[in-house]
Amino acid sequence: MSSGMAASIRSATESETFDLAGNSASTIQNTINSAFKEPLDLQEMIRITFITGAGKLGRQRYDEDAAKTVTSALRDLGYEEDRGASCVVECAGSFKSQHDTGKNLKTIVVFPIIKTLEEGVGTMDLEDQGPAILEEGSIEEMIAIASMVTFEKMLISKCPTWSQKKACINIIGSIKGVVESLDEKLLKGTPLDDSEQEFYDRCDLTSLENKEGHVKKEMQKQVEEGRMTSLDKSRLLKQVGEKLENLDGDIVEATKNNKPKRLQKLKAQKEKLTERKSTLEEVKACAPPPFKNQPQIEILRKELQPLIKLEKEVKGRLMSIKETSAMTKKEELEEEIIQLENSSRGWFEEDEDFQVRVEASRLQAKTRAAAVKKVVKKSSASSTTKINWVVPGAGQKITKRPAAKKKITTSNAFAAMMMDSDSD
């Protein structure tokens, strides 16, 4: 049975689910080893889901160590647990545990290692070239070799916050260090190997210095214009605070060693930093930058709402085929949203910063949906308001009034005279 399931997994070309009911721990382990020991022959990522447990009605059908056996076997094969993993190539070799409350099932979702990640490696002559200085296609390589115009555009989209620009400065500094070390090597008359020479020819120290200067200028501009998130502000205040502490120590030492000129210089620096700290404290933190895919994410979240409602309604009972299909759709929508969120992540965005943006995105979608719902409800209420149509004369009692005598004023004397003349 295990070999049949393993064969089915290895021949899968799209995401599939496998039920481990009735399988012992040893059988499960053999299945996992047989299925994932070698990379799957695929060009695109798929999701392999194992059902490892169920609710009260189906609990006895599963080995109590089923989930533990699956995860343990995967770890032995080099797989890592990643709760944020999704169906993309970057998540190959990871897995995550899930509890589907709608179906009342416990599952392990695996994103297998696939052969597309290993293409071309066997044909590379690595011995002659030596290890690459910067990984091809990496962020570091893009920063190093990009033209100034391209780099400025990338900085806007990939490093929108002050903290990310700070991290970019550190990366540029590291790359500069590599170039300078190669310069020293050449000055000593030591030839560069092929990979070093290729990197040296493509990466210019002057260009790196210009990029570094541009980033610093943008960081300063961001502070002056108050375009800092709350996390940016707290980090910068912490940085300034640490510098002030160091200056206090230097001032004590300069006073003790009787160095008046250095003491004067240090006090001037402290005064400047203290002023900067006060300015920063007055800066009002701005909202985190929105996701570039926010409109698309909101559309998906709108599609997700009725499915979330359905999931709550079916909780604790068996679902129909249609409801099961709806829950599968819900999972697919959630994964698509996660992919869109991750694609909006900055180069050097910390998990903490990214989570703040995720929460802001969800709140924005929720607020917008509530506003639309309110407008629709108000419009609906207006359209159902009872309108009383009044037909002239309808429902009114007509009473005959005596004709009033016409009062002839001085201004109408000539007209009255003409009327008398006509009556003759």
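Is K185 buried, partly exposed or exposed? K185 is partly exposed, with a relative accessible area of 26%. The cut-offs explain the label, because buried means under 20% and exposed means over 50%. Keep in mind that this is a predicted model.

Now look at the partner of K185. The side chain of K185 meets that of E196 in a salt bridge, at 2.9 Å from N to O. K185 belongs to helix α7 and E196 to helix α8, so the pair ties together parts that are eleven residues apart in sequence. E196 counts as buried, because its relative accessibility is 13%.

Stay on helix α7 for a moment. This helix covers residues 162-187. S174 lies in it. With 47% relative accessibility, S174 counts as partly exposed. S174 and E140 are 34 residues apart in sequence. In space, their C-alpha atoms are 9.3 Å apart.

A search of the whole structure finds 19 of them. K330 takes part in a salt bridge with E311, where the closest N and O atoms are 3.4 Å apart. This pair links distant parts of the chain. K330 sits in helix α13 (residues 321-343), while E311 sits in helix α12 (residues 294-313), 19 residues apart. Both ends of this bridge are covered. K330 counts as buried at 9% relative accessibility, and E311 is buried at 15%.

K330 also meets E334 in a salt bridge, at 2.7 Å from N to O. Here both residues lie in helix α13. They are four residues apart, about one turn of the helix. E334 counts as partly exposed, with 29% relative accessibility. Another group to find is R47, E331 and E335, which are linked in a network of salt bridges.

Next, turn to the sheet. It is open and has five strands, in the order β1-β2-β5-β4-β3, with mixed pairing. β1 (16-19) and β3 (80-81) stand at the edges. Each has a single partner strand, so one side of each is left without a neighbour in the sheet.

What about strand β2? It covers residues 48-54. β2 pairs with β1 in the parallel sense, over four bridges. In this pairing, F18 stands opposite F50 in β2. β2 also pairs with β5 (residues 105-111), this time in the antiparallel sense and over six bridges. There, F50 stands opposite I108 in β5.

E180, E184, D204 and E209 gather in a patch of negative charge on the surface. D204 lies in the loop between α8 (194-202) and α9 (205-224). At 43% relative accessibility, D204 counts as partly exposed.

Another loop holds N258. This loop runs between α10 (230-256) and α11 (260-282). N258 has a positive phi of about 55 degrees, although it is not a glycine. N258 is exposed, because its relative accessible area is 64% and exposed means over 50%.

Technical notes: Residues numbered from 1 in each chain as written. Predicted model: local features only at pLDDT ≥ 70, side-chain atom pairs only at ≥ 80, totals over all residues. Heavy atoms only, no water. Patch = residues over 30% accessible without salt bridge, like charges linked within 9 Å, V, L, I, M, F, W, Y side chains within 5 Å. Areas by Shrake-Rupley, 256 points an atom, 1.4 Å probe, with all protein chains shown as cover. Salt bridge = Lys/Arg side-chain N within 4 Å of Asp/Glu carboxyl O. Lys, Arg positive; Asp, Glu negative; His and termini not counted. Charge placed at Lys NZ, Arg CZ, Asp CG, Glu CD. Helix = DSSP H or I, 4+ residues; strand = E, 2+ residues; numbered from the N terminus. Buried < 20%, exposed > 50% of the residue type's maximum accessible area, 1.4 Å probe, protein only. Pairing = 2+ DSSP bridges.
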